[in-house]
Amino acid sequence: MFVILSEILLYICFGLLGGTLILYSLPKALRPDIALPKPLIVAAALASGGLSFAPVLYLVAVLAKDMGLWTALTGVLFTFEVGKAWWFTVAVALLLAALAHFNPLENDRFLSKLGLFLFVFLIAGYARASHAASLEPVYGFFAHFFHLLAVSAWGGTLLCAAWFAKSDRRWPAFLRWFSPFAAVCVLVALIAGIATMAIDIANPLDRSPHATLIQYENGLAVNYGQALLIKHLLIIPLLLYAAFNGLYARRLYRKNHERIRPVKWARAESAVLMSIFIVTAFMGQQAPPHDVRQLLRTDGASPLFTAAYGQAPDGRLPLTFAFTPMSALFFGLGGLFLIFLCLARIRRESAGLSLAMAAGFLASAYLGVMAGLQ
């Protein structure tokens with residue numbers, strides 16, 4: 001639980017740093033009327049170094065059972081790639097913290113761009129210690145790096161604009177560049193995310209697309225696969241929010257609509273994004289389903305899978321998905337929830353109501369997938 005919580009906080013810190021530095025790198029006329037306390041930025045930078053130690057600590061705890069605590073700690077810190085990557089991450093985090101502490105970044109675009117340059121290296125250091133990079137040192141590193149960088153840039157800018165904007169001033173000017181920027185980041189995140197997923201769940205003996213799909217279906221029996229499915233389903237309402245908060249909001253501004261209250265809808269979008277951060281942090285501490293049968297023997301089936309499927313998957317592998325009347329019913333219900341979510345946004349109803357519709361879609365679509373497993 002400690003490691004999962006630390007990863008959630010780490011993703012938030014990455015988002016705050018990335019979003020702050022991107023916004024401060026721009027002229028004031030192109031960014032919302034935001035005010036981020038300097039101590040918060042410094043704390044986020046320092047915490048990025050400290051919180052990134054959690055995977056190192058987890059590995060040390062595993063190895064300490066066989067070789068002792070001190071031997072495991074020194075071995076991981078000075079000989080393992082994850083330890084070397086952590087030292088690099090800490091060094092960059094300290095530089096970022098010093099830059100933010102001794103300089104008014106909100107008024108210095110050059111230093112903000114320098115901080116953004118350091119932030120890219122901070123992401124690179126963390127990506128170097130990822131599971132994908134340990135399996136594929138080059139391909140896996142770049143896949144995880146671009147995925148995390150795109151999400152931090154897009155999601156971080158959204159978080160900063162949504163929660164630290166003092167007013168709606170300059171929001172139309174902000175949307176004019178942020179909408180295409182977010183679209184590019186989403187595309188990069190999706191492509192890099194698929195590449196990372198293919199590495200993380202692949203059967204070491206067969207990494208073809210067909211084999212990866214089989215791994216995805218069989219992986220639903222364990223915690224990692226369940227979390228991956230939930231993450232993918234959450235992306236759908238997130239993209240809807242992004243479309244409405246970007247393209248639709250710009251259209252309303254062009255028509256001079258009043259009281260569209262963009263900040264509250266940006267916060268609703270950020271709430272879905274935070275949910276994805278939480279699920280991703282949970283995934284990071286679960287064993288990937290490279291060999292599902294072996295994983296079931298050692299760790300057992302996912303409690304969520306057993307509850308939704310009605311029984312443990314013992315002896316039922318491989319799992320396959322096929323449309324059934326029950327799954328079609330749940331998918332249809334999920335579609336209705338998405339329609340209601342869109343209507344809530346178009347009619348500018350409560351943002352909380354739209355989030356409830358997003359939750360309804362998630363539950364319905366999840367049950368649709370589980371009902372189609374055979």
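How much accessible surface does the chain have, and what share of it belongs to carbon and sulfur atoms? The surface comes to about 17,300 Å², and 70% of that belongs to carbon and sulfur atoms. Please keep in mind that this is a predicted model.

## Overall build

Let's start with the whole chain. Its secondary structure consists of 16 helices and 0 strands. Along the principal axes, the C-alpha atoms fill a box of roughly 60 × 55 × 30 Å.

Among contacts with a separation of 6 or more, 79% come from residues 24 or more positions apart.

## Charges and salt bridges

On the charged side, the chain carries 28 positive and 17 negative side chains. The centres of these two sets lie 13 Å apart. How many salt bridges are there? The count comes to 3, and here they are:

| Salt bridge | Closest N and O atoms |
|---|---|
| Lysine 166 and aspartate 33 | 3.9 Å |
| Arginine 170 and aspartate 33 | 3.9 Å |
| Arginine 128 and glutamate 81 | 3.6 Å |

Take the pair of lysine 166 and aspartate 33, with closest N and O atoms 3.9 Å apart. Lysine 166 sits in the loop between helix H8 (139-164) and helix H9 (171-201), while aspartate 33 sits in the loop between helix H1 (2-24) and helix H2 (38-51), so this pair ties together parts that are 133 residues apart in sequence.

Are the two partners buried or exposed? Lysine 166 counts as exposed because its relative accessibility is 58%, whereas aspartate 33 counts as buried because its value is 13%.

Aspartate 33 also forms a salt bridge with arginine 170. Here again distant parts of the chain are linked, with aspartate 33 in the loop between H1 and H2 and arginine 170 in the loop between H8 and H9, 137 residues apart. Arginine 170 has a relative accessible area of 24%, so it is partly exposed.

The remaining table entry joins arginine 128 and glutamate 81. Arginine 128 belongs to helix H6 (residues 109-128) and glutamate 81 to helix H5 (residues 81-102), so the pair ties together parts that are 47 residues apart in sequence. Both partners fall in the partly exposed class: arginine 128 has a relative accessible area of 28%, and glutamate 81 has a relative accessibility of 41%.

## A residue in the interior

Valine 56 is buried, because its relative accessible area is 0% and the cut-off for buried is under 20%.

Which residues does valine 56 contact, leaving aside its neighbours within four places in sequence? They are Val76, Leu77, Val82 and Trp86. As for phenylalanine 142, it is 86 residues away from valine 56 in sequence, and the two C-alpha atoms are 21 Å apart in space.

Terms used
Residues are numbered from 1 along each chain as its sequence is written. This is a predicted model: local features need pLDDT of at least 70, side-chain atom pairs count only at pLDDT 80 or more; totals for chains, interfaces and linings use all residues. Side-chain values use heavy atoms; hydrogens and water are left out. Helices (H or I, at least four residues) and strands (E, at least two) are DSSP runs, numbered from the N terminus. Contact means heavy atoms within 4.5 Å. Accessible areas come from the Shrake-Rupley method with a 1.4 Å probe; for residues, only the protein chains shown count as cover. Lys and Arg count as positive and Asp and Glu as negative; His and the chain ends are not counted. The place of a charge is taken as NZ of Lys, CZ of Arg, CG of Asp or CD of Glu. A salt bridge is a side-chain nitrogen of Lys or Arg within 4 Å of a carboxyl oxygen of Asp or Glu. Buried means under 20% relative accessible area, exposed over 50%, partly exposed in between (1.4 Å probe, protein chains only).
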